[in-house]
Amino acid sequence: MGVTIKEVAKAAGVAPSTVSRVIADNPRISPATKKRVRKAMKELGYHPNVNARSLVRSSTQAIGVVMPSSADKALQNPFFPEVLRGISAVAHDLEYSLLLSTGETEEEILEGVQRMVYGNRVDGVILLYSRLKDKVMEFLYEQNFPFVIVGKPNENTDTISHVDNDNIRASREITEHLIELGHRCIGFIGGSKDLAVTVDRITGYEEALKKAGLKAKKDYRVHTEFLKSGGRKAVHELFSLPEPPTGLVISDDLMSIGVINMLEEFGLYVPEDVSIVSFNNVYMAEVTRPPLTTVDINIYELGAQASKCLIEKIQNKNEPAKRIIVPFEIKHRLSTQPLNEETSKRA
């Protein structure tokens, strides 16, 4: 037998009706009481019976959207406003509103999603990331709650609906572009290694090197946050090497901008000293100096397809899991040039 509401009430020192109100997130219950009851629920491992309540559950006409980390950090990256634009355009047409879940830590994000699900606040959830051993994904999967991932799940790929690009191929092709320009010392700067997108982009980068008979050096790979500050650290490490790279594959445009600024502090310029290729094609990629050669992953379309896929799933519980691959396109701009004699001498 599972834990009952009465047991939770006893542990928290409140009436069972108060526990029910906390589960429904009733605004009349004080934050202190909610905290106490949720703590008791957590300690006892109590989860409301979603199925019993789903019988009386009516549609909320809302979709939950989950960010990978604190919203203020995520929203600094133009990827997120753009993907939200795609999600909301489709949701708006189909008369759904969006509920944005934010949290500083993985635990907080999970709690926010549990509140969405248990509190019947949303009909389905879109995860804007895919991470190894992600508790939020595991929770939604176990609850059999409608959700879609922007990215590629690390497990249950056939049973979880997801919208993604072919990141391995995109990374291979953009790395080959540097190789074709004569670059042999090519570094990779990417985000966290537990993000599926980073893993795929590393794979493509390494495949291109291998195909060209080049060695993938460990020293040439740096992992850092998808923010400008991360770019600084990465550049410092790479250009202190005895044989620094002449070309860089960078997993995110915002990072690339940070890298370009930092290189200038080292007295190195793009593309004269270092050629850079990047990913996402956010609006800044075109206006930065120099404009970036980058993979246009069709961010808006990723969001629109995720929204469409989720709403189909909400409206038809038997809708099979889908894998939607959004095409990419390489935008050639001015951040790369053929390896010149000077640069190769320096390397």
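I began with the surface: the accessible area of the protein comes to about 16500 Å², and 51% of it belongs to carbon and sulfur atoms. I note that the model is a predicted one.

Next I looked up the overall dimensions. The C-alpha trace spans about 80 × 35 × 35 Å along its principal axes. Of the 347 residues, 53% count as buried. I then examined contacts between residues at least 6 apart in sequence, and found that 70% of them join residues at least 24 apart.

For secondary structure I recorded 15 helices and 12 strands. I turned to an open sheet of six strands, whose order I read as E2-E1-E3-E4-E5-E11, with parallel pairing. Its edges are strand E2 (97-101) and strand E11 (323-325), each of which pairs on one side only. I noted that neighbouring strands of this sheet are turned by 20° against each other on average, direction ignored.

Within the sheet I followed strand E1 (residues 62-66), which pairs with E2 in the parallel sense over five bridges. Across this pair, I found Val 65 opposite Leu 100 in E2.

My last entry concerns helix H9 (residues 167-180). Its 14 residues reach 20 Å from the first C-alpha to the last, close to the 20 Å expected at 1.5 Å a residue. I listed its buried residues as Asn 167, Ala 170, Ser 171, Ile 174, Thr 175, Glu 176, His 177, Leu 178 and Ile 179. After H9 I reached Gly 182, which has a positive phi near 100°.

Terms used. Residues numbered from 1 in each chain as written. Predicted model: local features only at pLDDT ≥ 70, side-chain atom pairs only at ≥ 80, totals over all residues. Heavy atoms only, no water. Pairing = 2+ DSSP bridges. Helix = DSSP H or I, 4+ residues; strand = E, 2+ residues; numbered from the N terminus. Axes fitted to C-alpha atoms, helices over the stretch in contact; angles between N-to-C directions. Expected span 1.5 Å × (residues − 1). Buried < 20%, exposed > 50% of the residue type's maximum accessible area, 1.4 Å probe, protein only. Contact = heavy atoms within 4.5 Å. Areas by Shrake-Rupley, 256 points an atom, 1.4 Å probe, with all protein chains shown as cover.
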